[in-house]
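Please examine the sequence and the structure shown here before reading on.

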Amino acid sequence: MPTPLPEPRPEVGQRRPDAEDLIAAVEEAMATRPTAYRDDTPVPAVGSTPPVAQPGRPPMSQAATDASGLMIAAGVGSLGVGGALSMVLFASGYADPVVVALIGGAPVALVVALARLAKRARPEPEVHHHYAGPVVHDHREVTNNNRWWSKSNSSN
């Protein structure tokens, strides 16, 4: 560790400034110079300068902001689970790749299976279309040939 510098000694015949001298010097400097400036010129409502992207999260709806906050929280929460799993595997001294894959993939597979089950359990909503006037059905389909995308207009 470096040695601190010695305190400066006052010259012969000088005294050290005390707190009252320092406070008086600061107050004198504050009284002679302005400490703030306010520009009162009006800001134009619309200018020719294009908008500039601001740092931080991009502008989005409140729902998107809430969803991104939840995703960030879930990502941070998964760090603890991954760290704990890593420590257990490190402490065991041996980690079988199949067991690691099963441990890591089982929760994801469970969530996917439950999501598909919930999607199938929900009945499809009834859709009723009411038209006023003559109705013309235009049937178009997009077919995929071997190499090229082609559009065939078939009318029935």
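## Exposure and the salt bridge

A residue is called exposed when its relative accessible area is over 50%, buried when that area is under 20%, and partly exposed in between. In this predicted model, Asp40 and Arg38 are both exposed.

Side chains of opposite charge can pair when their charged atoms come close. Here Arg38 and Asp40 form a salt bridge, with 3.2 Å between the closest N and O atoms. The structure holds 1 salt bridge.

## Overall architecture

The chain contains 3 helices and 2 strands, arranged from the N terminus in the order α-α-α-β-β. Of its 156 residues, 1% are buried. The accessible surface of the chain is about 15700 Å², and carbon and sulfur atoms account for 63% of that surface.

Helix H2 covers residues 62-92 and includes Ile72. Ile72 counts as partly exposed because its relative accessibility is 45%, which lies between the limits of 20% and 50%.

Helix H3 spans residues 97-121, a run of 25 residues.

Where does H3 bend? The bend is at Gly105 and amounts to about 35 degrees. A proline, Pro107, follows within four residues.

Technical notes
Residues numbered from 1 in each chain as written. Predicted model: local features only at pLDDT ≥ 70, side-chain atom pairs only at ≥ 80, totals over all residues. Heavy atoms only, no water. Buried < 20%, exposed > 50% of the residue type's maximum accessible area, 1.4 Å probe, protein only. Areas by Shrake-Rupley, 256 points an atom, 1.4 Å probe, with all protein chains shown as cover. Expected span 1.5 Å × (residues − 1). Bend = angle between axes of the 7 residues up to and from the residue. Salt bridge = Lys/Arg side-chain N within 4 Å of Asp/Glu carboxyl O.
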